[in-house]
Amino acid sequence: MPLTDDTFAGTNAPEFTVSEISFALKKMIEGEFAHVRIRGEIGRVSTPRSGHVYLDLKDERAVIAGVIWKGTVRKLRVRPEEGLEVVVTGRLTTYPGASKYQVVIESMAPAGIGALMAMLERRKAQLKAEGLFDPARKRRPPLLPKVVGVITSPSGAVIRDILHRLRDRFPIRVVIWPVAVQGEHCALEVARAIRGFNALPEGGPVPRPDALIVARGGGSIEDLWGFNEEIVVRAAAESAIPLISAVGHETDTTLIDLAADIRAPTPTAAAEMLVPVRRELLADVATLGERLVHAADRLLAERGRRLGDLARLLPRADDLLARPRHRLDRAEARLVRALEARAGRARTRHAALAGRMTLRLLERTIALKRERLAAPVQRLEVAIRRKRTDARRRSIETGRRLRPALARRQIEKGHHALETAARRLALQARSQLRQLGQRLESLDRMRQSLGWRETLARGYAVIRGPGGEGVITSKGAALPLPRLEIEFHDGRLPVLPDQGTPRKAPAPREGSHRASQGGARKPPRSSKPPEGQGSLF
Amino acid sequence: MTETAERPVGELSFEEALKELEQVVERLERGDVPLEESIRLYERGHELKKHCEARLREAEEKIELITLDAEGRPTGLKEVEVP
């Protein structure tokens, strides 16, 4: 088995070293592709501190590495951005040390408007999501700015239009910050100018504007592209000084327009929107001044008139006092006379009255007055009765409302009073009873001395019918009766009128009251016999 | 009334002064201000008006261009003519 190359039969192709082949390739590729245009989508982009930009260009099946040297980066019209479809111009080189090849990009352009617009939309959506276009961020510029900062190209129609329009409306202090309004430096310079104006201190050598205008004339989308760059949009959104953007024509909308506080359709319009017309303002102020004077005049005149009216209504002090003073004088004069007259009349009347004042007159007056009093007195009595009834009713009602405790106390008090009263009553009753007893005894004594029984003792008798019924007062009455009864002072004796001999009388009875009374009345009439007579028969 | 009413007129911006002047005039025109107050308002209004006019008249055209160094930092001002 041959160990060297020579052993391979028939292989007479020349031999390359690695370097030879690598550099041969390099020479061939760089010769063949010294100037190419490549269309592709930008892939990964890296920008190391060296300032060179490394990126990938790709399509569906292949990737080629690309580099943009630092010196070229600044000249690019489009900043390389991932996802952007571009057409690059450059040359191919190889790197023999690493078996690599790449395209060195010398210029780059978006692959048509569509690609650019697609990227713009993506960026817009992203910045919007960050809130950079929020209406809440917008600030209103002052009505009359003292200093206006204009960020634009110092030459050209735009600054001229702005300055002319400002002069027409309101000559004012303008500070121009010159920038490139297109090309590779545009975005950076505009962003730097916005931040630069904002960074100016108040009262520094460069006056700090109180409003900014960022302006540029019309152009292609690529021309205006700088105003779509993120650094510009961010600077505009962050500006503390109110900012008006006027970039391109009315139909061109760049992202700075969305971030600005006000978007003006044209640079001229920006000047108009920012500064009022001095003449108009002067007229406004003059009008206000006139209205001020007029209003104050009217106010004073009105008040003056009212004061005058009131003053006229107010009488003079002398006028006010004249009448009362006059009356006082007259009254004073009349007073003395009147007093004298009055005293005279009183004296006369006194004399007359003294004459008429007699006793009879007084009596009559009294009688009259008494008569007059009678009716009221009667009414008074009725009223009192009614009052009493009412009071009783009320007391019943009150009684219902009485509280037990209160009532108990009352009752106890009542009890006590009752006991006292009862004791006093008992005492009094005893003494009264004693008196009544004595009186009764004396009356009884009188009665006894006057009663018919006493008469019996003196010899009179009472004749009664059978059984002691009825008092017999005549012979005629006595005759038909089978028996009679004679009452003596010491008892009754039954007798038989026919036989003349009376039967043995029953035990004497206590006389019935009726009989006694009847008897007591009758005897004086029926008793004819004189004292000492034992019987009527 | 307004937030500026207590501040010296000289400190007010044109816009503030104008706004307060409008309010002063409206109040006086309504006529429901006490006399003392109306005198004070009138005087204040007069001052405000003078201040506004001064601000309007003192304004003067002046166009300046910022000069920048190589790094784009402002170095000074250069007065220019309106082209």
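Q: In what order do the elements of chain B run from the N terminus on?

A: In this predicted model, the secondary structure of chain B comes to two helices and two strands. Read from the N terminus on, the elements of chain B follow the order α-α-β-β.

Q: What percentage of the residues of chain B count as buried?

A: A residue is taken as buried when its relative accessible area is under 20%. Chain B has an accessible surface of about 4,900 Å², and carbon and sulfur atoms account for 46% of that surface. Among the contacts in chain B with a separation of 6 or more, 37% join residues 24 or more positions apart. Of the 83 residues in chain B, the share that counts as buried is 39%.

Q: Is A:Val150 buried or exposed?

A: A:Val150 belongs to strand E6 of chain A, which covers residues 147–152. Beyond its neighbours within four places in sequence, A:Val150 has contacts that include A:Ile159, A:Ile162, A:Trp177, A:Phe197 and A:Ile213. Because its relative accessibility is 0%, A:Val150 counts as buried.

Q: Is A:Leu479 buried or exposed?

A: A:Leu479 sits in the loop of chain A between helix H14 (475–478) and strand E12 (484–488). A:Pro497 is 18 residues from A:Leu479 in sequence, and their C-alpha atoms are 7.2 Å apart in space. Since the relative accessibility of A:Leu479 is 56%, this residue counts as exposed.

Q: Which helices of chain A give two or more residues to the lining of the largest pocket?

A: The largest pocket has a volume of about 620 Å³, and 26 residues line it, with A:Val73, A:Arg74, A:Arg79, A:Glu184 and A:Leu188 nearest its centre. The elements that contribute two or more residues to this lining are helix H5 (186–199) and helix H6 (230–238).

Q: From which domains of chain A does the lining of the largest pocket draw at least three residues each?

A: By residue class, the lining of the largest pocket consists of 11 nonpolar, seven polar and eight charged residues. The domains of chain A that each supply at least three residues to this lining are domain 1 (18–111) and domain 2 (144–276).

Q: How do the residues lining the largest cavity divide into nonpolar, polar and charged?

A: A search of the whole structure finds one cavity of 30 Å³ or more, and the largest cavity holds about 40 Å³ of space. The residues that line the largest cavity include A:Leu132, A:Arg137, A:Lys138 and A:Arg139, together with A:Ala236, A:Ser239 and A:Asp261. Sorted by class, the lining of the largest cavity comes to four nonpolar, one polar and four charged.

Technical notes
Residues numbered from 1 in each chain as written. Chains lettered and ligands numbered in written order. Predicted model: local features only at pLDDT ≥ 70, side-chain atom pairs only at ≥ 80, totals over all residues. Heavy atoms only, no water. 1 Å grid on protein atoms, 1.4 Å probe; cavity = no way out; pocket = protein on both sides within 12 Å on 5 of 7 lines; lining within 4 Å. Points joined across faces, edges and corners; volume = space filled by probe spheres on them. Helix = DSSP H or I, 4+ residues; strand = E, 2+ residues; numbered from the N terminus. Nonpolar A, V, L, I, M, F, W, Y, C, P; charged D, E, K, R; others polar. Domains from an automatic or database assignment. Buried < 20%, exposed > 50% of the residue type's maximum accessible area, 1.4 Å probe, protein only. Contact = heavy atoms within 4.5 Å. Areas by Shrake-Rupley, 256 points an atom, 1.4 Å probe, with all protein chains shown as cover.
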